[in-house]
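Thank you all for making the time this morning.

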Amino acid sequence: MNKSTRRLTPIHGIIAFIVIILLSFFVFAPLQYAFGMLGLALTELGLLLAALLAVRLTGQRLKAVFPIRLPGFGQIMGTLLIWGGSFLLVMLSTLVLMYFFPEGYLAVSSNMDSIFSTVSAPVRLFIIAVMPAICEEALHRGFIQYSFQSLRRDWVIILGMGLIFGLFHLDPYRFLPTALLGIGLSYVMQKTHNILLPALYHFVNNFLSFLSTLVSSPETAEESAAMFADRSYILSAIGSYLVIGALAPILLYAGSYLIRKSSGSLPRQSDGKIVATVIAILLLSGIMLAAGYAIVLLNHPAL
């Protein structure tokens, strides 16, 4: 069989992922420890190089592994809506984990803030938001997800990619939030087959992280540490995010609808099924809203 037509299997993607994990332990982590933000930038370039090398070694076509086309307005809006819904779920899961493991989260946050502050804002923006949107997506939504296509079932591919993205960050405290992020990114890629859209999703998500570094200082870090050391504060934040997060199911459904409709993959459904789906989504949102209000009121009886 000609190398250019060799069919990839999930084994290829898993091997690539294992290689990346080994590189992270023995090459990328030492680089970041020694050179800070420069080491982080070199890590991102290493991920891009690994993805391109994997494509070369397996004889794949770049256009097949990294499909790029001009996205439609509906696809862009759908991607942003899915990002918004998943962002709310990521924040909610982060707060829940922070409630149980506050020390671990504060340590991770403190270490990251100290690294980010070593470079100027434009350089920070490029390393935090632009490079991961290109380099990490080339590896994950590019080579690895492309190798998973023989699994056929979209939900298996998407969940598997979420698991891999969570493990990729090598942080038990961030596993669930990053896995949820990976699920959203992989869903967009699976439904659009256009790597520009998960890259946009990834950029927007990390751009918010960049903005948070602009207002971070030793004083604000100490204030945050004091607040999050108080579990009643975290519990109130969980209640508040449950109230706001009640929008997440609606955003996710609307985003999915726009993406599938714009991509021509929207299945025909009976009116009854559509109504049942909408009712289920509204019911889930209502439960989240009620739970959020209950947590806030129980935590602040005076309200």
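Predicted model: local features only at pLDDT ≥ 70, side-chain atom pairs only at ≥ 80, totals over all residues.

In which helix is Ile11 found? Ile11 is found in helix H1, which covers residues 10–35, where helices are DSSP runs of H or I with at least four residues, strands are E runs of at least two, and both are numbered from the N terminus. Residues are numbered from 1 along each chain as its sequence is written, and side-chain values use heavy atoms, with hydrogens and water left out.

At 52% relative accessibility, Ile11 counts as exposed; on this scale buried means under 20% relative accessible area, exposed over 50%, and partly exposed in between, with a 1.4 Å probe and protein chains only.

Let me turn to the overall fold. The protein chain has 13 helices and zero strands. Its C-alpha trace spans about 75 × 60 × 30 Å along the principal axes, and 41% of its 303 residues count as buried.

Leaving aside residues up to four places away in sequence, Phe66 touches Ala51, Leu52, Val55, Ala138, Gly142, Phe143 and Ile195, a contact being heavy atoms within 4.5 Å.

Finally, the charged pairs: how many salt bridges does a search of the whole structure find? The search finds two, a salt bridge being a side-chain nitrogen of Lys or Arg within 4 Å of a carboxyl oxygen of Asp or Glu. In one of them Arg141 pairs with Glu137, the closest N and O atoms being 2.8 Å apart, and both residues lie in helix H6, four residues apart, about one turn of the helix. Arg141 is buried, with a relative accessible area of 1%, and Glu137 is buried too, with 0%. Asp154 forms a salt bridge with Lys191, where the closest N and O atoms are 3.0 Å apart. Because Asp154 lies in helix H7 and Lys191 in helix H8, this pair ties together parts that are 37 residues apart in sequence.
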